[in-house]
Amino acid sequence: MHDCQRFREDWIARLTGDPVDCEECRRFCEETTEVLTALASRGPVEPSEEYWTGFSNRLRARLVAEISLEHQRGSWVRWMPVLASAACLVLAIAWVNLRNPARESAEVSISFDDNHFEGLDRRVVAFLRQSELDLRNFTKIDPSFAEEIEDARNRASRSLEKMTEQKEATGDFAPVQITLNEYESILREIKNLDSAEDIADIQMRIRRNGLIANLKAYQPRVILASQR
Amino acid sequence: MVVLGLSLATPSLLRAQLASQNTARTLFNEGRDLWDEGKFVDAERKFREALTKYPKAEQSDRTAYYLITTLVSLGRTPEARMEIENFNRNYPQSRWKSDVEEKRLAISGLPSIQWGQYQLGLRGHNVGGPPRAVPAGVVRGTKEPGSPPGLTIHTNPNVSLDQEVLRLIIEMDFPEGIRLSRERLKGNPSDPAVIANFSTIGSGNPSQALPFLLTVAGDAQSSPHTRTQAVFVVRRRVMKEEESVPVVADTLSRFGDVERRNAVDQMVQARQVEGAAVLQKIYRASSNPAVRMQIVESVGSAPDASTVPFLSEVARNEKELGVRRIAIQSLARLPNVDVKMWEGILKTLPPPGVRGPAK
């Protein structure tokens, strides 16, 4: 099907030179040929002085208008990436805070308080600290961790060797004495472990008695700046 | 060809992995030994080396936890926080997750009291709305079967995490911490998360802390260990601060007979170096004859040489004759009491025919 517009564009671009049945297009081709022939015979046309003055004024006015428009539009366009980034950042922070609200206080400074065990031998405090970590470790041991079990047994033996000295150093601190007694019985069980089921039983006992919490109770307490 | 190549490469690959594993373990053990000796800076170096060189080694999550603990011990909290973030990113399924969460709370605090209540599973009377958010991965425990009506108490498998949350609530809002502790003890009179916080409670406002601890000491439901620990904290407070003595005396005067006897007996049983001194202070501070009577009865139930001066003082100076009588009876059970002391007591007794108020 003949498309007048398409044919005329192709004809100008010299993509087609085929004759055409369309009367209007045939007339368009003839007129255009006449105009082009006439222009070619006159040679290059030099614009007048007046034209160049007008051109200069028009160009300046156009530039002013463009710059003004660009300024209005530019304040949006130029800041768009910055605003978008800021919005993303705000959303990210809000999202992270919702997931993990404690980050609000992430920069809280701390100090240590040891008034609650004033008078308790420092060696005992160090022993409690070490014992706490040993027990945390033991509660994570899987029966298949042969090396870890052996390590726990060795450490239990070493801690038992120090136990009498630690208890003597505890003095009148009844809660620490109670905790060390419980811990001693756990250490003996660890030292004498002989089956995988024993491990689960001991781990359960440690959790049920809250032994880790008790070992922690008479160590320095972290005090947040806001609580001072 | 590929299969042949793989079968040849696998043993050497396994050997290399095993070697890495062993080196990582050695570094960890060295770090832990240094940590045990309190050489935290050197320990930190070893833990960091293990994590940097062998980040994929088995139990590197444990090494990361030790590193965090070391940094907290050194007071380098910004670095500890950074390592906590690394831990959560690198080991989302770690068994050490709740231990790390405990550290995070200790150095960053609770987001809110409500969050702590939620974490402890205490969302009963007088507790506000739900928390804004709960950190992912923190394990909520199972419901305690003996929860009091109107309360939902859960216990966490990691008791020390509960202890830390409760401690932070006590530090932030003391009355609320006491209330929550009381509620938890209703569910489990030997709740270790509460008992491990007795010393924190004992450092708070005496007018709230001491009645709470004395109630625990006087409660027949509490285990002997629980009562011993409660009394220990009361005793220390009384010895440290004179102003706490009237609070203890007043609390005991408001107790029923059984509760009062339990609490005072516990103090006598837990008597060590300062035990007698504590009871004498309370005796002198109390205007309530029933409290004084109970103290003398409890002290006199197993008199020994160290209690003679106190009982003798009561026998001479106590206004209530009933209380005096108990002191004299207790002294009479002791062998080798100085005759001069008896003479002194007899001189202070009222003339025959004058009776003191009925017991």
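Which handedness does the crossing of H2(B) and H3(B) have? In this predicted model, the crossing of H2(B) and H3(B) is left-handed. The pair is described below, after an outline of both chains.

The model has an ipTM of 0.80 and a pTM of 0.73. Chain A contains eight helices and two strands. Read from the N terminus, its elements follow the order α-α-α-β-α-α-α-α-α-β. Chain A has 228 residues, and 20% of them are buried. Contacts in chain A between residues at least 6 apart in sequence were also examined; 69% of these link residues at least 24 apart.

Chain B contains 19 helices and two strands. It has 359 residues, of which 46% count as buried. Among its contacts between residues at least 6 apart in sequence, 62% connect residues at least 24 apart. The average pLDDT of chain B is 84. A score of at least 70 is reached by 83% of its residues. One stretch of chain B, residues 123–154, stays under 50 in pLDDT. For this stretch the model has 68 contacts beyond four places in sequence. Where pLDDT is low, predicted coordinates should not be read in detail.

Two packed helices are described by the angle and the distance between their axes. In chain B, helix H2 spans residues 40–53 and helix H3 spans residues 60–73. Their axes come within 9 Å and cross at roughly 150 degrees. H2(B) and H3(B) are therefore roughly antiparallel to each other, since angles over 145 degrees are classed that way. On the H2(B) side, the contact is formed by Phe40(B), Ala43(B), Glu44(B), Phe47(B), Arg48(B), Ala50(B) and Leu51(B). They meet Ser60(B), Thr63(B), Ala64(B), Tyr66(B), Leu67(B), Thr70(B), Leu71(B) and Ser73(B) of H3(B). By class, this contact has nine nonpolar, four polar and two charged residues.

The loop between H2 and H3 of chain B holds Gln59(B). This residue is not a glycine, yet its phi is positive, at about 60 degrees. Is Gln59(B) buried or exposed? Gln59(B) counts as buried because it has 21 C-beta neighbours inside 10 Å, and the cut-off is 20 or more.

Val72(B) lies in helix H3 of chain B. Val72(B) has 23 C-beta neighbours inside 10 Å, so it counts as buried. Which residues does Val72(B) touch, leaving aside those up to four places away in sequence? They are Thr77(B), Ala80(B), Lys103(B) and Ile107(B). Pro350(B) lies 278 residues from Val72(B) in sequence. The C-alpha atoms of Val72(B) and Pro350(B) are 66 Å apart.

Helix H6 of chain A covers residues 174–191, and helix H7 of chain A covers residues 196–209. They pack at an angle of about 170 degrees, with their axes 10 Å apart. That angle makes H6(A) roughly antiparallel to H7(A). From H6(A), the contact involves Glu182(A), Ile186(A), Glu189(A) and Ile190(A). These residues meet Asp198(A), Ile202(A), Arg205(A), Ile206(A) and Asn209(A) in H7(A). Which classes of residue make up the contact of H6(A) with H7(A)? The contact has four nonpolar, one polar and four charged residues.

Methods. Residues numbered from 1 in each chain as written. Chains lettered and ligands numbered in written order. Predicted model: local features only at pLDDT ≥ 70, side-chain atom pairs only at ≥ 80, totals over all residues. Axes fitted to C-alpha atoms, helices over the stretch in contact; angles between N-to-C directions. Helix = DSSP H or I, 4+ residues; strand = E, 2+ residues; numbered from the N terminus. Parallel < 35°, antiparallel > 145°, perpendicular 65-115°, else oblique. Left-handed = near helix turned anticlockwise from the far one by under 90°. Contact = placed C-beta atoms within 7 Å. Nonpolar A, V, L, I, M, F, W, Y, C, P; charged D, E, K, R; others polar. Buried ≥ 20, exposed ≤ 12 C-beta atoms within 10 Å, placed from the backbone. pLDDT = per-residue confidence, 0-100.
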